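Here is a short report on one protein model.

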Amino acid sequence: MLPKNMSNARILSFGYDASVTAFFGRTSSDTILQHAHTLVAELVADRQLEGAMNRPIIFICHSLGGIIVKRALAYSASRTSKLIQHLHSVFVSTYAVLFLGTPHQGSDMAELASTGRKVIDAMVPSKVLDSDGKLLEALQQGSETLQNITDMFAPLMKNFRIYFFWEQEKTDLGITFKYVVEEYSAAPILDDTERAGLPYDHRNMCKFESRTAPGYRLVVAALMTYALNAPNTITQRWANATEMLKAKRAAEAAELMQ
């Protein structure tokens with residue numbers, strides 16, 4: 001459906017296999033970083049091959065995908081040394097991020113513990129490989145993993161248009177119905193950001209059956225506005241980034257001459 005509304009856009013998807021044991025256990029922060037590195041590497045490779053390195057980027061993220069994108073943008077923002085500055089291009093080119101049901105502030109651990117695997121299935125948007133009973137440690141309220149990623153992403157937010165969406169329907173978890181990600185976590189109230197609810201549960205809030213489905217026009221209108229405004233902003237950002245990198249290389253050369 002989206003190509004009909006945005007015929008000039010290149011629409012790409014990023015999928016990942018998520019081992020529940022690794023993703024939500026003690027090594028969860030490492031696993032998120034690995035997915036973030038892969039996302040940046042694959043996106044840069046595609047854009048290089050398609051001659052699209054300077055084209056604006058708009059991310060649409062569902063659930064845990066939003067956490068990976070936040071970490072990926074923080075990673076890309078820091079890649080400014082000579083041999084890897086091509087990885088910086090993702091940060092420079094990103095104009096907007098739409099977060100659909102992303103648990104920025106975690107989920108209530110007590111509720112998650114009562115529903116176990118059903119919650120895992122609802123939150124992980126890809127094939128679940130394994131679980132040893134550890135219950136979403138990385139997503140509990142006050143999670144150090146989430147807080148660290150938020151701390152890295154917060155200074156970068158002024159560079160992007162941000163739209164937060166939360167689920168307005170509870171998810172069927174087998175023995176109960178619950179919000180997988182509460183409104184306060186999915187859509188924090190922050191200056192210069194937009195927020196809205198979508199009339200779906202967590203699993204289905206990113207799945208629109210038709211162009212007339214509730215919420216579709218809301219999301220697409222935001223995308224069309226961002227796509228219209230992005231080129232001028234990203235062109236200027238690339239000019240600034242090019243000058244910054246040139247200055248950095250010149251400073252490095254001068255240091256070597258000393």
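## Salt bridges and chain totals

Glu 183 is partly exposed, at 35% relative accessibility. Partly exposed lies between buried (under 20% relative accessible area) and exposed (over 50%), with a 1.4 Å probe and protein chains only. The model is predicted: local features need pLDDT of at least 70, side-chain atom pairs count only at pLDDT 80 or more, and totals for chains, interfaces and linings use all residues. Residues are numbered from 1 along each chain as its sequence is written, and side-chain values use heavy atoms, with hydrogens and water left out.

Glu 183 forms a salt bridge with Arg 195, with the closest N and O atoms 3.0 Å apart. Glu 183 lies in helix H9 (residues 183-186) and Arg 195 in strand E6, so the pair ties together parts 12 residues apart in sequence. A salt bridge here is a side-chain nitrogen of Lys or Arg within 4 Å of a carboxyl oxygen of Asp or Glu. Helices (H or I, at least four residues) and strands (E, at least two) are DSSP runs, numbered from the N terminus. Arg 195 is partly exposed too, at 28%.

The structure holds 4 salt bridges. Among them are these:

| Pair | N to O distance |
|---|---|
| Arg 10 and Asp 46 | 2.4 Å |
| Glu 194 and Arg 161 | 3.2 Å |

Glu 194 sits in strand E6 (residues 193-198) and Arg 161 in strand E3 (residues 161-167), so their bridge ties together parts 33 residues apart in sequence. Glu 194 is partly exposed, at 30% relative accessibility. Arg 161 is partly exposed, at 30%.

Now the other pair in the table. Arg 10 and Asp 46 meet in a salt bridge. Arg 10 lies in the loop between helix H1 (2-5) and helix H2 (20-24), and Asp 46 in helix H3 (residues 28-49), so the pair ties together parts 36 residues apart in sequence. Arg 10 is partly exposed, with a relative accessible area of 31%. Asp 46 is partly exposed at 24%.

What happens in H10 at Ala 230? H10 bends there by about 45°, and Pro 231 follows within four residues. The bend is the angle between axes fitted to the seven residues ending at a residue and the seven starting there.

Chain totals come last. The protein chain has 10 helices and 6 strands. Buried residues make up 45% of its 258 residues.
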